[in-house]
Amino acid sequence: MRQYFKNIYEAIATILVGMGVTWRHLFTRAVTVQYPHVKRELPERSRMQLFVEMDDCIGCMACQRACPVDCIDIKTVRAGKEEDLGETSNGQKKRLHVVQFNIDMGKCCYCSDCVFPCPTGAIRMTPEYEFTTYDRSSLLFKFATYTPEQISELQERERKEKEAQAAARAAKLKAAEEAKKAAAKNDETKSE
Amino acid sequence: MEPLFQFFNNLFPFISDWPEWLAHTVVGVVTVLLLFGFVALFALFAIWLERKISAHMQDRLGPMEVGGWHGWAQPIADAIKLLVKEDIIPAMADRTLFKLAPVIVFTAALAGFAVLPWSQDFIPADLNVGLLYILSVSSFAVIGLLMGGWASNNKWSLYGAMRAASQMISYEIPVALALLAVIMNAGTMSMRHLVIAQSGNILDWNVFNFFPLTAVAFFIYFVASLAEVNRTPFDLPEGESELVGGFHTEYSSMRFAFFFLGEYANMYIVSAIATTVFLGGWLAPFEALNFIPGPIWFVGKAMTLVFIQMWLRWTLPRLRVDQLMYTCWKVLTPFSFAIILLIGLWKVL
């Protein structure tokens with residue numbers, strides 16, 4: 001019987017304690033940050049959207065090789081002998097036209113592995129996180145500044161150069177072969 | 001209907017020139033529309049209030065966007081959403097009962113409004129058995145809940161409906177007994193006369209009568225009425241975490257909205273009964289405050305109780321089924337019997 005009344009007393013007392021707690025919280029400042037209106041400052045080193053400073057990119061493809069999910073796609077064209085592409089901010093000479101630098105943020109896993117190998121610090125993570133789109137294809141970010149005409153021109157030039165090189169090499173090879181043949185003939189004639 | 005008629009006559013004298021049948025019809029329809037409008041507005045406001053209270057008790061903000069100031073239009077947007085949503089009736093459901101259930105629940109809730117005394121003059125129907133009427137009409141809702149749960153042909157719904165039936169029928173007993181303690185003293189069941197009997201200042205209210213006996217009766221009534229309207233900590237019939245949604249699992253769109261509307265209307269009704277019977281209805285706590293009109297006091301007191309219901313909801317976890325029955329049969333019922341006995345003795349002596 002005593003336990004019965006004790007239970008009732010305890011039930012009411014503890015409920016009042018609980019109501020006191022909720023009453024206090026009713027007037028506590030809410031912790032909610034009203035996101036689109038108020039944006040919380042992200043830490044400087046947040047790993048959000050990738051950004052590439054194309055002026056600093058030397059097209060070494062270190063980032064492409066480091067990427068575990070293959071979301072970076074780079075195409076380069078060798079610069080001509082007389083062409084000067086300038087230097088990067090840390091004094092490296094640029095020897096390649098980077099005609100394509102695509103990053104598919106839809107694939108990116110934000111591991112930051114591409115950032116560390118970059119010799120010039122051109123690729124980096126930014127605190128920018130609002131890049132949602134309605135179309136997955138819009139998540140393919142293109143950083144190269146070349147126009148399609150420039151690209152095709154450069155590629156055409158490279159193709160021609162390569163052809164010329166290949167022709168030269170073939171000619172050289174042929175010449176070497178002929179020289180060999182001639183030498184062999186010489187040998188034959190000698191042995192006879 | 002007499003006081004209501006008088007009220008409208010004073011407001012619009014030309015009504016007395018109309019033939020009786022026309023006047024009665026018009027007054028009746030207008031009153032029902034007024035009450036329905038009040039229920040709808042109250043439900044919208046209470047939903048908004050509940051979301052805000054729950055949010056702030058959890059250190060959140062709750063709805064903030066719709067309508068500008070603190071999301072005041074959020075319940076309106078929700079209601080429109082419910083209106084235009086697809087109305088789904090499960091293939092194996094009992095269609096007639098399924099459609100009838102929300103109607104019954106809401107009708108029972110609205111019918112309770114017939115005897116609420118808003119002020120000295122405005123009471124839709126001044127029955128001499130007003131309290132008895134309201135108790136019997138509000139227990140109608142059980143049929144609706146049971147019907148909805150059964151017709152859904154879903155085990156969660158049926159569990160919820162069974163719990164609702166057992167819980168609401170059990171808790172009707174302490175509710176009625178707690179009110180009986182007051183009725184015994186006042187000697188009337190008319191809601192209007194119950195309030196008039198309490199006129200004076202705050203100490204003449206029934207809560208402070210036979211102190212502390214009626215105060216305990218008030219407490220018992222409040223706890224039991226929470227269970228009557230399926231509010232936390234007694235929300236077992238719809239316990240989301242164990243029964244998905246209880247009796248309204250299968251309901252969607254406007255049918256669900258009517259269950260909801262009925263629930264909020266019931267919240268107001270039980271608070272209004274407590275106000276009428278224990279807290280002096282439309283009367284001001286002090287004579288000096290009599291210049292504030294009665295309906296404001298009435299709605300204000302009822303809203304305070306509604307707020308306490310919400311406060312409790314966001315404080316307490318849900319009870320277990322056996323604890324629910326224990327509270328009813330082993331605590332509330334014996335205590336209310338004891339109070340009736342003691343008040344009877346006090347009166348006799």
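In this predicted model, helix H4 (residues 95-112) of chain B packs against helix H11 (residues 253-278) of chain B. The two axes lie 8 Å apart and meet at an angle of about 25°. Angles under 35 degrees count as roughly parallel, so H4(B) is roughly parallel to H11(B). Their crossing is left-handed.

Look next at the residues that make this contact. H4(B) contributes Pro102(B), Val105(B), Phe106(B), Ala109(B), Leu110(B) and Gly112(B). From H11(B) come Arg255(B), Phe258(B), Phe259(B), Leu261(B), Gly262(B), Ala265(B), Asn266(B) and Ile269(B). By class, the contact of H4(B) with H11(B) holds ten nonpolar, three polar and one charged residue.

H4(B) has another helix partner, helix H5 (residues 130-138) of chain B. The axes of H4(B) and H5(B) come within 8 Å and cross at roughly 170°. An angle over 145 degrees counts as roughly antiparallel, and H4(B) and H5(B) are therefore roughly antiparallel to each other. On the H4(B) side, the contact uses Ala108(B), Ala111(B) and Gly112(B). On the H5(B) side, it uses Ile134(B), Val137(B) and Ser138(B). Four of these residues are nonpolar and two are polar, with no charged residues. Gly112(B) is listed in the contact with H11(B) and also in the contact with H5(B).

Stay in chain B for one backbone detail. Asn230(B) sits in the loop between helix H9 (213-228) and helix H10 (240-243) of chain B. Its phi is near 60°, a positive value in a residue other than glycine. Is Asn230(B) buried or exposed? Asn230(B) has 25 C-beta neighbours inside 10 Å. The cut-off for buried is 20 or more, so Asn230(B) counts as buried.

Now cross to chain A. Eleven residues of chain B are in contact with twelve residues of chain A. On the chain B side, the touching residues divide into seven nonpolar, two polar and two charged.

Chain A holds an open sheet of three strands. Their order is S2-S3-S5, and the pairing is antiparallel. Strand S2 (72-78) and strand S5 (140-142) of chain A are the edge strands, each pairing on one side only. From one strand to the next, the twist averages 15°. Strands of a sheet pair through backbone hydrogen bonds, either parallel or antiparallel.

Take the pairs in turn. S2(A) and S3(A) pair in the antiparallel sense over seven bridges. Thr76(A) has Val98(A) in S3(A) as its bridge partner. Strand S3 (residues 96-104) of chain A also pairs with S5(A), again antiparallel, over three bridges. Here Asn102(A) stands opposite Lys142(A) in S5(A). Ile103(A) stands opposite Phe141(A) in S5(A). In a regular strand the side chains alternate between the two faces of the sheet.

Follow the chain out of S3(A) to finish. Tyr110(A) lies in the loop between S3 and strand S4 (123-125) of chain A. Its phi is near 55°, a positive value in a residue other than glycine. Why does Tyr110(A) count as exposed? Tyr110(A) has 12 other C-beta atoms within 10 Å. Exposed means 12 or fewer, so Tyr110(A) is exposed.

Definitions and conventions: Residues are numbered from 1 along each chain as its sequence is written. Chains are lettered from A and ligands numbered from 1 in the order in which they are written. This is a predicted model: local features need pLDDT of at least 70, side-chain atom pairs count only at pLDDT 80 or more; totals for chains, interfaces and linings use all residues. Two residues are in contact if their C-beta atoms, placed from the backbone, lie within 7 Å. Ala, Val, Leu, Ile, Met, Phe, Trp, Tyr, Cys and Pro count as nonpolar, Asp, Glu, Lys and Arg as charged, and the others, Gly among them, as polar. Axes are lines fitted to C-alpha atoms, for helices over the stretch in contact, and angles run from 0 to 180 degrees between N-to-C directions. Helices (H or I, at least four residues) and strands (E, at least two) are DSSP runs, numbered from the N terminus. Angles under 35 degrees count as roughly parallel, over 145 as roughly antiparallel, 65 to 115 as roughly perpendicular and the rest as oblique. A crossing is left-handed if the near helix is turned anticlockwise from the far one by less than a right angle, and right-handed if clockwise. Two strands pair if DSSP finds at least two bridges between them.
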